[in-house]
Amino acid sequence: MRNTKFLFFFSVLLGCASVSSAQLFKLANTTTDNSPATVLKLKPGGALLVEGDEAGYLIFRSSDNGNIIKSTPAHSAAINNIDFNSTGRLAVSSSVNGEIRIYDFQQDRILNRYKVETTNMRFAVFSIADGFIYYNTSNKLWKIRSFFGREPE
């Protein structure tokens, strides 16, 4: 029994040692060309990085080299979350002062704007079927239709 415990401990230790020697990352690029970034997400498909910054801008960057492709004002405060719908056509972003925006990549513009009466929103995300957006305020989870046509539930 004692040998079994020792072998188990040794195999766990050996397993941890092999995990800790994982491949190191290689720095590809560093950018300092805008307001400090608050969130960065890779768009499904991998060709575009979407960045939110302290000034409330959505910045679209090439995932190959980090160069700015486009920048658009979206919020009046720092962006704290970006999420994509199931097709990757739409992005929802939220800000610390309760703003939610939906950006359409096909039309290249913000489609919808919604303001929540709060200052402590942490996220807004699409539901699995894209029909709703879930967001949080004051330790509560809310949902609203993604076209913002009805009051939150």
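Me: Which strands form a hairpin with 3 residues between them?

Reply: Strands β6 and β7 form that hairpin, and Gly-98 in its turn has a positive phi of about 90°. Please keep in mind that this is a predicted model.

Me: What makes β6 and β7 a pair?

Reply: Pairing takes at least two bridges between two strands. Strand β6 (residues 90–95) and β7 are joined by 5 bridges and run antiparallel, so they pass that test. If you want a spot to look at, Ser-93 stands opposite Arg-101 in β7.

Me: How do you know that β7 also pairs with β8?

Reply: The cut-off is again at least two bridges, and 6 bridges join β7 to strand β8 (residues 109–115), so these strands count as paired too. They run antiparallel. Ile-102 has Asn-112 in β8 as its bridge partner. In general, strands of a sheet pair through backbone hydrogen bonds, either parallel or antiparallel.

Me: What is in the turn between β7 and β8?

Reply: There are 4 residues between the two strands of this hairpin, and Asp-108 in the turn has a positive phi. The phi of Asp-108 is near 55°, a positive value in a residue other than glycine.

Me: Why is Asp-108 called partly exposed?

Reply: The relative accessible area of Asp-108 is 41%. Buried needs under 20% and exposed needs over 50%, with partly exposed in between, so 41% makes Asp-108 partly exposed.

Me: And is Gly-45 buried or exposed?

Reply: Gly-45 is exposed, because its relative accessible area of 83% falls in the range over 50%. Gly-45 is found in the loop between β1 (37–42) and β2 (48–53). Gly-45 and Thr-87 are 42 residues apart in sequence, with their C-alpha atoms 9.8 Å apart in space.

Me: Why is β7 described as largely enclosed by the rest of the structure?

Reply: Because 6 of the 6 residues of strand β7 (residues 99–104) are buried. Both faces are covered: one side holds Glu-99, Arg-101 and Tyr-103, the other Ile-100, Ile-102 and Asp-104, and all of these are buried. For the protein as a whole, 39% of its 153 residues count as buried.

Me: What makes a group of residues a nonpolar core, and which residues have the most contacts inside the largest one?

Reply: Members must be buried nonpolar residues joined through side-chain atoms within 4.5 Å. The largest nonpolar core has 13 residues, and those with the most contacts inside it are Val-50, Leu-58, Phe-60, Ile-82, Phe-84, Tyr-103 and Phe-105. Elements giving two or more residues to this core are β2, β3 (57–62) and β5 (79–84). β5 gives the most, with 3 residues. In soluble globular proteins, nonpolar side chains tend to be buried together.

Me: What does Phe-84 touch?

Reply: Leaving out residues up to four places away in sequence, Phe-84 touches several residues, among them Lys-41, Pro-44, Val-50, Leu-90, Phe-105 and Phe-126.

Me: How do you know that Phe-60 is buried?

Reply: Its relative accessible area is 4%; the limit for buried is under 20%, so Phe-60 qualifies.

Me: Last one: what is the strand order of the open sheet of 3 strands?

Reply: The order is β9-β10-β11, with antiparallel pairing. β9 (124–126) and β11 (140–145) are called edge strands because each pairs on one side only. β9 and strand β10 (residues 132–137) share 3 bridges, and Ala-124 has Tyr-135 in β10 as its bridge partner.

Note on methods:
Residues numbered from 1 in each chain as written. Predicted model: local features only at pLDDT ≥ 70, side-chain atom pairs only at ≥ 80, totals over all residues. Heavy atoms only, no water. Buried < 20%, exposed > 50% of the residue type's maximum accessible area, 1.4 Å probe, protein only. Contact = heavy atoms within 4.5 Å.
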